[in-house]
Amino acid sequence: MNRHGHGSGHGDRSAHTSDTAIEFRNVSRRFTLRHEQRSSFQDWFIGLLRPRGTAEEFWALRDITFSVRRGEAIGILGRNGAGKSTLLKLMTRVLEPTSGEILTHGQIHAMLELGAGFHPELSGRDNVFLNGSLYGFSRRQMDERFDEIVAFAGLERFINTPVKHFSSGMFMRLGFAIAVHMDPEILVIDEVLAVGDSAFQRKGYEALQRLKAGGTTIVFVSHNAEQVRSFCERSVLLVNGKMLDIGPTDEVVDHYNRMLQEEVVDASILRVRAIDDDATVIDRLESGRDLGIEVLLRLPGEQHTSALFVALDLYDRQGLHLFGRTSELPDTLPQIEGAGPDTRRIRANLHGLPLAEGAVTVAVTLQRSAGAGVDTVDRQETTVEIDPVGMAGNRGLLRLDNRWDWEAAPALERDPSTAVHLSRWTSR
């Protein structure tokens with residue numbers, strides 16, 4: 001059994017049987033949003049040591065309690081910003097809860113990001129074996145599965161190509177193919193069937209049905225409520241970080257649809273992605289390189305953007321707030337050619353991200369002025385792995401340009417045999 005989180009520390013209760021795969025006990029997760037502007041790296045560095053500006057607590061999840069039976073397929077429903085991705089990251093131990101306890105029985109295989117866990121410089125073939133080794137499979141076992149994985153992904157022509165040249169669809173197909181061939185005890189899926197053509201979506205859905213019939217526990221997140229209805233026995237409905245409903249999927253989906261019909265259409269975040277200089281989607285970045293953030297917004301009708309703000313915040317794997325910046329949207333934003341009339345795009349560029357290694361979570365929050373404060377309209381996250389290329393000899397959280405100079409002391413210069421010559425060491 002895996003256990004993580006904060007709480008009373010009680011052992012297993014009698015209600016927690018071997019038939020339970022996952023259990024959330026009063027789980028909450030808090031983030032801190034700081035509203036400040038830093039114009040230089042010195043301000044950024046000082047802010048790590050002595051935070052300045054006003055701070056706002058954002059509870060992505062509050063007091064979530066439910067359990068998932070072994071072999072059950074359960075759906076997670078909710079609008080963007082409802083807390084679905086945070087819940088999955090807690091379930092898979094990418095994040096730790098602020099309070100509460102999470103218990104899992106069985107190995108979890110997660111698909112939370114396209115190509116998560118792939119090394120961009122390695123070929124598709126090497127990444128298949130690398131992913132297998134991470135889940136405890138021997139090379140012989142992966143040899144037995146390899147041809148099926150490649151055929152399922154439809155990547156026979158490209159499997160020996162470095163995955164950094166793959167399209168997002170190729171990433172997704174290979175990641176999904178690996179996941180469904182790993183004999184997972186618990187499979188956690190976040191929107192992966194929303195990418196790819198209809199033929200692959202059908203193939204992926206059939207593969208999930210086979211895993212379900214074989215006893216795999218599946219946690220399924222999708223914006224397609226009817227897809228959840230057809231696949232899951234029970235579902236959870238999240239609204240603003242709280243569990244509004246749980247029960248038979250037909251009833252929960254009907255509740256969700258009624259809620260959407262009653263809602264006033266508001267601005268929302270459609271997508272948050274990390275990109276490189278060429279606007280290519282990435283999930284890994286070399287330390288010290290520029291990090292681009294692309295945000296797609298939905299601004300229905302003639303909504304006036306002057307009252308809207310976008311907050312960009314960075315957190316490390318433990319939830320430490322690394323950086324925050326809030327900017328007011330301009331009065332008008334140009335339309336995107338070929339996109340819907342309500343869709344707008346904004347991009348941010350963080351120059352020379354000075355993190356040494358690890359993972360950084362990028363959180364984008366859409367806010368609206370409300371009297372003396374602000375209201376959260378929507379929120380989305382994405383995660384980027386920082387690759388410590390060229391970091392030999394360095395330690396710590398930050399990658400800083402540094403130089404050391406040393407030269408002979410005057411007393412030693414009298415004796416040439418003991419002189420220390422002028423030297424310089426520069427590390428970037």
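Author: Of the 428 residues in the protein chain, 46% are buried, where buried means under 20% relative accessible area, exposed over 50% and partly exposed in between, with a 1.4 Å probe and protein chains only. This is a predicted model, in which local features need pLDDT of at least 70, side-chain atom pairs count only at pLDDT 80 or more, and totals for chains, interfaces and linings use all residues. Residues are numbered from 1 along each chain as its sequence is written, and side-chain values use heavy atoms, with hydrogens and water left out.

The secondary structure of the protein chain comprises nine helices and 20 strands; helices (H or I, at least four residues) and strands (E, at least two) are DSSP runs, numbered from the N terminus. Taking contact to mean heavy atoms within 4.5 Å, residues 24 or more positions apart account for 70% of the contacts in the protein chain with a separation of 6 or more.

The aromatic pairs come next. A pair of aromatic rings is described by the distance of the centres and the angle of the planes. Rings of Phe, Tyr and Trp (its six-membered ring) pair if their centres lie within 6.5 Å; planes under 30 degrees apart count as stacked, over 60 as edge-to-face and the rest as tilted. By this rule there are eight aromatic pairs. One of them is the stacked pair of Phe118 and Phe171, with 5.8 Å from centre to centre and 25 degrees between the planes. Phe118 lies in the loop between strand 6 (108-111) and helix 3 (124-134), and Phe171 in helix 5 (residues 168-180), so the pair ties together parts that are 53 residues apart in sequence. Both Phe118 and Phe171 are buried. Phe171 also forms an edge-to-face pair with Phe166, at 6.2 Å centre to centre and 75 degrees between the planes. Phe166 counts as buried because its relative accessibility is 6%, and Phe171 is buried with a relative accessible area of 12%. Phe118, Phe166 and Phe171 form one aromatic cluster.

Charged groups also meet aromatic rings. A charge sits over a ring if NZ of Lys or CZ of Arg is within 6 Å of the ring centre and within 35 degrees of the ring normal. The charged end of Arg139 sits over the ring of Phe129, 4.1 Å from its centre, and that of Lys212 over the ring of Phe231, 5.1 Å from its centre.

Helix 4 (residues 139-153) has 15 residues and spans 20 Å from its first C-alpha to its last, close to the 21 Å expected at 1.5 Å a residue, the expected span being 1.5 Å times one less than the number of residues. Helix 4 bends by about 45 degrees at Arg145, the bend being the angle between axes fitted to the seven residues ending there and the seven starting there. The buried residues of helix 4 include Met142, Arg145 and Phe146. Just after helix 4, Gly154 has a positive phi of about 65 degrees.

Helix 2 (residues 84-91) is largely enclosed by the rest of the structure, because seven of its eight residues are buried. Among them are Lys84, Thr86 and Leu87. Thr86 is also one of the residues that Ala60 touches, not counting residues up to four places away in sequence. Ala60 belongs to strand 3 (residues 54-69) and is buried, with a relative accessible area of 5%.
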